[in-house]
Amino acid sequence: MAVYDGNATSSRTEEDPARPPPPPRFRSAIDYVDEPALRSALEHSPTIDAAPPEMRGRELCAFTDLSTLSSATCCDWETPKLDLATSRPHTMEDEVKRLMELKEYAILDTEHEEKFERITALASRIFDAPICLVSLVDIGRQLFKSNRGLGDVRETSRELSFCAHAILSQQDVFIVRDTLMDPRFVTNGLVTGPPGIRFYAGVPLVTPGGYKLGTFCIIDSAPRPAGLSLADKQNLRELTEMVVDTMVHRKKEMDRIMDEKTRLIACAAHDLLSPLTGIRLNLGMLMEDESLGRKMDKGQREMMEASVECSDMIERICVKAIESFRGDLTRVSDSGGGCGESGSVEAVGEEEGKGIVNVERLVAGVERVIGTYPKEVPLFVEKADNVPRSIVADDLKLFRSILNYLTNACKHTRAGSIQLKIYVRRAAESAA
């Protein structure tokens, strides 16, 4: 059964009780839409020792022995057994800013890329290290953008992460010569079990903005009591700088492609407005034709009303796309990075589009539009009694999200029914 949970940008599918639950997963910065949501998530973090082992992660990595996980009490985004004497102070606000920067790079949960793979392969040969990683430290996990020597493993929990210690260290090269001689790692599951880490050396990936997103590191299954020579440390630093340069270039290229797509969307929206105006005028004339109105039955009138509502929505989407593009130009112009008629356009703020949405009117509009959409099963809309008469939201985003959800449900549902439920669920209930 398809269920809409009342959020403007998310939907879920009600699970079949007979089916096993989906695998648990680590929390990630990409799960949260903006900085306030991310900050709230960190404020309400579960402690590591309070979480049952089976909830520690979706891919805790094939070689992790759950019985050896640290029982130190801390939040999932904090680092257990941290050496405070050699580590920099790190507040929750620091972590929010760091995670937002990590999210801006749009690199989490992306596929391996050859340009990163070449660097880890080179480092593995230079240092004669069986394992070399480009590791990104997320909220509750470390994710490997490049992984040399760990097979198909893509991530581990943050509490097991050596790299989480490295990004907080005061040392520019974080070295653990022998993990069995270091109280921070002697009971770590990645030391006591496969891959049997005995030596680690990592350099933080520091962005031009000064944020440490993760590390470039080498790992060995044998201790190295001498650590790294000065030349080796310099080599590791320079390879790390190559990784950061690759990340920065990748981000710039993605931003450029996104800007081009935004421009194309805005131009297409502008070109659509002229023919759309003609359609809306014709629909308006038909709606005002009393003679035609008397000849139409109820179903035909509903289709006409749905056409008017859809054309209005298309016009608003087009106008929104154009205004958003112009707002981007204004922001670039204000920062001195581009040109545009900044005096004639106001920048689009975070709260733009939000207003008072009448829920009854929203539901009626959804029913009117989706009622004419092809479907093989009945569709029902239900509004719970605890839903207020009005809510504060972006009505356009809300309407589009619901329609996207329902049209997909209509396309893929072959038996049973489709049910839209709008209800209020408080944060405490969601956490439970």
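Of the 432 residues of this protein, 41% count as buried, where buried means under 20% relative accessible area, exposed means over 50%, and partly exposed lies in between (1.4 Å probe, protein chains only). What you are looking at is a predicted model, in which local features need pLDDT of at least 70 and side-chain atom pairs count only at pLDDT 80 or more, while totals for chains, interfaces and linings use all residues. Residues are numbered from 1 along each chain as its sequence is written, and side-chain values use heavy atoms, with hydrogens and water left out.

Let's start with the overall picture. The protein has eleven helices and twelve strands; these are DSSP runs numbered from the N terminus, with helices being H or I of at least four residues and strands E of at least two. Among the contacts with a separation of 6 or more, 72% join residues 24 or more positions apart, a contact being heavy atoms within 4.5 Å.

Helix α3 (residues 114-126) meets helix α6 (residues 230-288) at an angle of about 175°, and their axes are 10 Å apart. Here the axes are lines fitted to C-alpha atoms, for helices over the stretch in contact, and angles run from 0 to 180 degrees between N-to-C directions. That makes α3 roughly antiparallel to α6, the term for angles over 145 degrees. On the α3 side, the residues taking part include Phe116, Ile119 and Leu122; on the α6 side, Leu239, Met242 and Val243 are among them.

Next, follow the chain to helix α9, which covers residues 359-370. Its twelve residues reach 16 Å from first C-alpha to last, close to the 16 Å expected at 1.5 Å a residue, where the expected span is 1.5 Å times one less than the number of residues. Which residues of α9 are buried? They are Val359, Leu362, Val363, Gly365, Val366, Val369 and Ile370. Seen down the axis of α9, these buried residues fall within an arc of 160°, so they line one face of the helix; the arc is that of the directions from the helix axis to the C-beta atoms. At the start of α9, a side-chain oxygen of Asn358 comes to within 3.0 Å of the backbone nitrogen of Glu360.

Finally, visit two loops. Cys74 sits between α1 (35-43) and α2 (92-104) and is buried, with a relative accessible area of 8%. Ala415, in the loop between α10 (395-412) and β12 (418-422), counts as exposed at 59% relative accessibility. The C-alpha atoms of Ala415 and Val377 are separated by 6.2 Å, although these residues are 38 apart along the chain.

Definitions and conventions
A polar contact is a pair of N or O atoms within 3.5 Å; within protein, one must be able to donate a hydrogen and the other to accept it, and residues adjacent in sequence count only if both atoms are side-chain atoms. Angles under 35 degrees count as roughly parallel, over 145 as roughly antiparallel, 65 to 115 as roughly perpendicular and the rest as oblique.
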